[in-house]
Amino acid sequence: MRTWRFLLPVLHGLTALGLLSWQAHNSRIIDSMGMAWDTGAPVWPYQTPEIVLCLLNTPAYLIALPAWAAFGLRTQEERAPALLAAVAVLWFGVGCAVDFGLASRPWLRSRKWLYGVFVPISLASVLIAGSLAIEGMGWWLRYGDVSLDSVLIFGRVTGPLPWCVLVAVTATRSVIRNRNIEAQQRSHPPGGRVP
């Protein structure tokens, strides 16, 4: 039963809606405090929804970015509907990839252009992941301790890291899978003829 393309957007959309509501509530509290907090709002609970939302949906921010720029959306409240739509699009795509497989479609198998797309994406993701890992380790060695605030700030610093690793692994897997399919087609051509 292929239902992930519907289930994931609903679950993550509801989670994002809850986090955005919490974030809007916190924004009202932060605004009412004015300059009472010298160093900004405390991480817990006031910055937590934004951090968790970013950890779960980093690519959705990239998907929503053109809409934010096109419509001149500046505040969190203005950006929330576009971000919520981007979360649904992101998780619909992830669900389709789970339901149907990323590179198992017949029209993808014979395309050599996939190497030109997936290899650079994989390399860029590995480089970004490495950079984020180094930055996160440096931050933790300087400022990290065993507290909820430190863990949340570390999550903010390294937020895109799991997504970069996932993209790199998926793109590399797709390239290897396509190479194996092409090699198999060359060694066993249709009709049983050997080249």
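**Figure 1. L127 in helix α5 of the predicted model.** L127 lies in helix α5, in a model that is predicted. The relative accessibility of L127 is 65%, and L127 therefore counts as exposed. L127 and V165 are 38 residues apart in sequence. In space, the C-alpha atoms of L127 and V165 are 9.9 Å apart.

Figure 2. A168 belongs to helix α7. Is A168 buried or exposed? A168 counts as buried because its relative accessibility is 8%, which falls under the 20% limit for a buried residue. With neighbours within four places in sequence left aside, A168 is in contact with S122, S125 and V126. The C-alpha atoms of A168 and S122 are separated by 4.2 Å, although A168 and S122 stand 46 residues apart along the chain.

**Figure 3. The chain as a whole.** The chain holds seven helices and zero strands. Read from the N terminus on, the order of the elements is α-α-α-α-α-α-α. Of the 195 residues in the chain, 32% are buried. Among contacts between residues at least 6 apart in sequence, 70% join residues at least 24 apart.

**Figure 4. The crossing of α2 and α6.** Two packed helices are described by the angle between their axes and the distance between the axes. Helix α6 spans residues 148-157, and α2 covers 43-71. The axes of α2 and α6 come within 9 Å of each other and cross at roughly 35 degrees. The crossing in which α2 passes α6 is left-handed. Which residues of α2 and α6 meet? On the α2 side they are V43, W44, Q47, T48, E50, I51 and L55. On the α6 side they are L148, D149, L152, I153, G155 and R156. The residues of this contact divide into seven nonpolar, three polar and three charged.

**Figure 5. L152 of α6 against α2.** L152 lies in helix α6 and is one of the residues that meet α2. The relative accessibility of L152 is 10%, so L152 counts as buried. When residues up to four places away in sequence are not counted, L152 touches V43, W44, T48 and I51. V43 and L152 are 109 residues apart along the chain, and their C-alpha atoms are separated by 7.4 Å.

**Figure 6. The peptide bond from W44 to P45.** Most residues other than glycine have a negative phi, and most peptide bonds are trans. The bond from W44 to P45 is cis, with omega near 0 degrees. P45 lies in helix α2. W44 is among the α2 residues that meet α6, and W44 is also touched by L152.

**Figure 7. The largest pocket.** Rolling a probe the size of a water molecule over the atoms shows where empty space is left. The largest pocket has a volume of about 640 Å³. How many residues line the largest pocket? The lining holds 23 residues, and those nearest the centre of the pocket are P59, W163, L166, V167 and T170. The elements that give two or more residues to this lining are α2 (43-71), α3 (76-100), α5 (113-143) and α7 (161-187). The largest share, six residues, comes from α7. By class, the lining of the largest pocket divides into 19 nonpolar residues, four polar and no charged.

**Figure 8. The second largest pocket.** The volume of the second largest pocket is about 150 Å³. The second largest pocket is lined by L20, Q23, E50, L53, Y61, W68, Q76, R79, A80 and L83. Which elements each supply at least two residues of this lining? They are α1 (4-33), α2 and α3. The lining of the second largest pocket divides into six nonpolar, two polar and two charged residues. E50, one of these lining residues, is also among the α2 residues that meet α6.

Terms used
Residues are numbered from 1 along each chain as its sequence is written. This is a predicted model: local features need pLDDT of at least 70, side-chain atom pairs count only at pLDDT 80 or more; totals for chains, interfaces and linings use all residues. Side-chain values use heavy atoms; hydrogens and water are left out. On a 1 Å grid over the protein atoms alone, a cavity is a set of points where a 1.4 Å probe fits but cannot get out, and a pocket is an open set with protein on both sides within 12 Å along at least five of seven lines; lining residues have an atom within 4 Å of a point. Grid points are joined across faces, edges and corners, and a volume is the space filled by probe spheres set on the points. Helices (H or I, at least four residues) and strands (E, at least two) are DSSP runs, numbered from the N terminus. Ala, Val, Leu, Ile, Met, Phe, Trp, Tyr, Cys and Pro count as nonpolar, Asp, Glu, Lys and Arg as charged, and the others, Gly among them, as polar. Axes are lines fitted to C-alpha atoms, for helices over the stretch in contact, and angles run from 0 to 180 degrees between N-to-C directions. A crossing is left-handed if the near helix is turned anticlockwise from the far one by less than a right angle, and right-handed if clockwise. Contact means heavy atoms within 4.5 Å. Buried means under 20% relative accessible area, exposed over 50%, partly exposed in between (1.4 Å probe, protein chains only).
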